[in-house]
Amino acid sequence: MKRTRLVSATRLTKQAFWEQSLLGQSLLAMPDLLRPELALRFENDGPSRVGLPTLYNRALEACPDDRYLLLVHDDVYLHDTFVEQRIDEGLQENDVLGLAGSR
């Protein structure tokens, strides 16, 4: 099974991301061994802000062939501790996976 690299950007500081964002809280709830490889950009705001399309395109270009890539907003809570396994299972039958949500 390939490892998964999770890419996300947030306006929050590093500490605030882990304490306040849904994504940060869900990642902290996962055991270290089951947590995807993280590529996080904190304090993505103001003049040094990088737009999500640019950030995601850079991640696509830099991602090694032995990794899956998960692009996710910081307001998403990952409820499944086995997210890497679910991605691997889904990509055995599909070329691309997506998630759509609502309130």
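**View A. The buried residues of helix H2 (22–29) are Leu23, Gly24, Ser26 and Leu27.** Viewed along the axis of H2, these buried residues fall within an arc of 165 degrees, so they line one face of the helix; the arc is that of the directions from the helix axis to the C-beta atoms. Buried means under 20% relative accessible area, exposed over 50%, and partly exposed in between (1.4 Å probe, protein chains only). The packing partners of the buried residues of H2 are strand E1, helix H1 (14–20) and strand E2, where contact means heavy atoms within 4.5 Å. Helices (H or I, at least four residues) and strands (E, at least two) are DSSP runs numbered from the N terminus. The model is predicted, so that local features need pLDDT of at least 70 and side-chain atom pairs count only at pLDDT 80 or more, whereas totals for chains, interfaces and linings use all residues. Residues are numbered from 1 along each chain as its sequence is written, and side-chain values use heavy atoms, with hydrogens and water left out.

**View B. The sheet is open and is formed by 3 strands in the order E2-E1-E3, with parallel pairing.** Strands E2 and E3 are the edge strands, each of them pairing on one side only, and the twist averages 20 degrees from one strand to the next. Helix H3 (residues 52–62) packs on this sheet and touches E1, E2 and E3, its direction making about 155 degrees with that of E1; axes are lines fitted to C-alpha atoms, for helices over the stretch in contact, and angles run from 0 to 180 degrees between N-to-C directions. Strand E1 (residues 3–9) has 6 of its 7 residues buried, so it is largely enclosed by the rest of the structure. E1 is joined to strand E3 (residues 67–71) by 5 bridges, and its pairing with strand E2 (residues 37–41) likewise runs over 5 bridges; two strands pair if DSSP finds at least two bridges between them.

**View C. Helix H3 has the buried residues Leu55, Tyr56 and Ala59.** Down the axis of H3, its buried residues fall within an arc of 95 degrees, so they line one face of the helix. These buried residues pack against E1, E2 and E3, whereas the face of H3 turned away from the buried side carries the exposed residues Pro53 and Glu61.

**View D. The largest nonpolar core has 11 residues, namely Leu6, Phe17, Leu23, Leu27, Met30, Tyr68, Leu70, Val72, Leu78, Val83 and Ile87.** The elements that give two or more residues to this core are H2, E3 and H4. A second, separate core of 6 residues includes Val7, Val50, Tyr56 and Ala59. A nonpolar core is a set of buried Ala, Val, Leu, Ile, Met, Phe, Trp, Tyr and Cys residues joined through side-chain atoms within 4.5 Å.

**View E. The structure holds 2 aromatic pairs.** The ring centres of Phe17 and Trp18 are 5.0 Å apart and the ring planes stand at 80 degrees, so the pair is edge-to-face. For Phe17 and Phe42 the centres are 5.5 Å apart and the planes are at 70 degrees, so this pair is edge-to-face. Rings of Phe, Tyr and Trp (its six-membered ring) pair if their centres lie within 6.5 Å, and planes under 30 degrees apart count as stacked, over 60 as edge-to-face and the rest as tilted. Together, Phe17, Trp18 and Phe42 form one aromatic cluster. Phe17 is buried at 1% relative accessibility, whereas Phe42 is partly exposed, with a relative accessible area of 23%. Beyond residues up to four places away in sequence, Phe17 touches Thr10, Leu12, Leu23, Gly24, Leu27, Leu40, Phe42 and Asp74.

**View F. Glu84 lies in helix H4 (residues 83–91).** Glu84 has a relative accessible area of 6% and is buried. Apart from neighbours within four places in sequence, the residues in contact with Glu84 are Met1, Arg3, Thr4, Leu34, Arg35 and Pro36.
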